[in-house]
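Dear colleague,

Here is the structure I promised to pass on to you, with my notes below it. Please read them alongside the sequence.

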Amino acid sequence: MSLSLYDVSIPVYIRMLGNLAHFLDKADAHAQEAGVDLSTYAEANLGHGMFNLARQIQLASDAAKGGAARLASIEAPAMPDEEKTFPELVVRIQKTIAFLEGVKRDQVDGRENAEIVLKLPSRSMEFTGLSFLTTFSLPNFLFHVTTAYAILRNQGVPLGKMDFLAGAATAQAQAA
């Protein structure tokens, strides 16, 4: 059995976005328990000029939908970065997951050697489909998910390693 480009991209984005939504659920419960306004968490950052939690979630969404779209050679849905509240951020995550669930295996598999050019304001970066996923897209996506996790941990939200690795799956299993 071989691993496909689809297998190491779309399901990973979906799972980690589900875990990101789980972080927000735990943060919401913690805020209610501790009497903290959720806007405190949404606006929190780790300092040193880093983006706040809301922006980290927007960037994780952008990385997932943009990565999938480039791999599949399709257009990613536009999502203006206007979310400020937890409910708005959850909807953003849900919309991103819905887009990803619409990406078909045959749109991604076989594009390991496809040319992907990422145009940045000051330069362009050229990749194959595989190098784009493994050296840019997934690391960028996971950076923003990890930073969101770290911001919430820094705010006292009781998140652990299993929340990061299997948060959504664990929550679903407990609800069943």
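Buried residues, meaning those under 20% relative accessible area with a 1.4 Å probe and protein chains only, make up 43% of the 176 residues in the protein chain. This is a predicted model, in which local features need pLDDT of at least 70 and side-chain atom pairs count only at pLDDT 80 or more, while totals for chains, interfaces and linings use all residues. Residues are numbered from 1 along each chain as its sequence is written, and side-chain values use heavy atoms, with hydrogens and water left out.

As for the overall fold, the protein chain has seven helices and two strands, taken as DSSP runs numbered from the N terminus (H or I of at least four residues for helices, E of at least two for strands), and along the sequence they follow the pattern α-α-α-α-α-β-β-α-α. Where contact means heavy atoms within 4.5 Å, 71% of the contacts between residues at least 6 apart in sequence join residues at least 24 apart.

Helix 3 (residues 53-72) deserves a separate paragraph. At the start of helix 3, a side-chain oxygen of N52 comes to within 3.2 Å of the backbone nitrogen of A54, and just after the helix S73 adopts a positive phi of about 60°.

Technical notes. Polar contact = N/O pair within 3.5 Å; in protein donor to acceptor, adjacent residues only side chain to side chain. Buried < 20%, exposed > 50% of the residue type's maximum accessible area, 1.4 Å probe, protein only.
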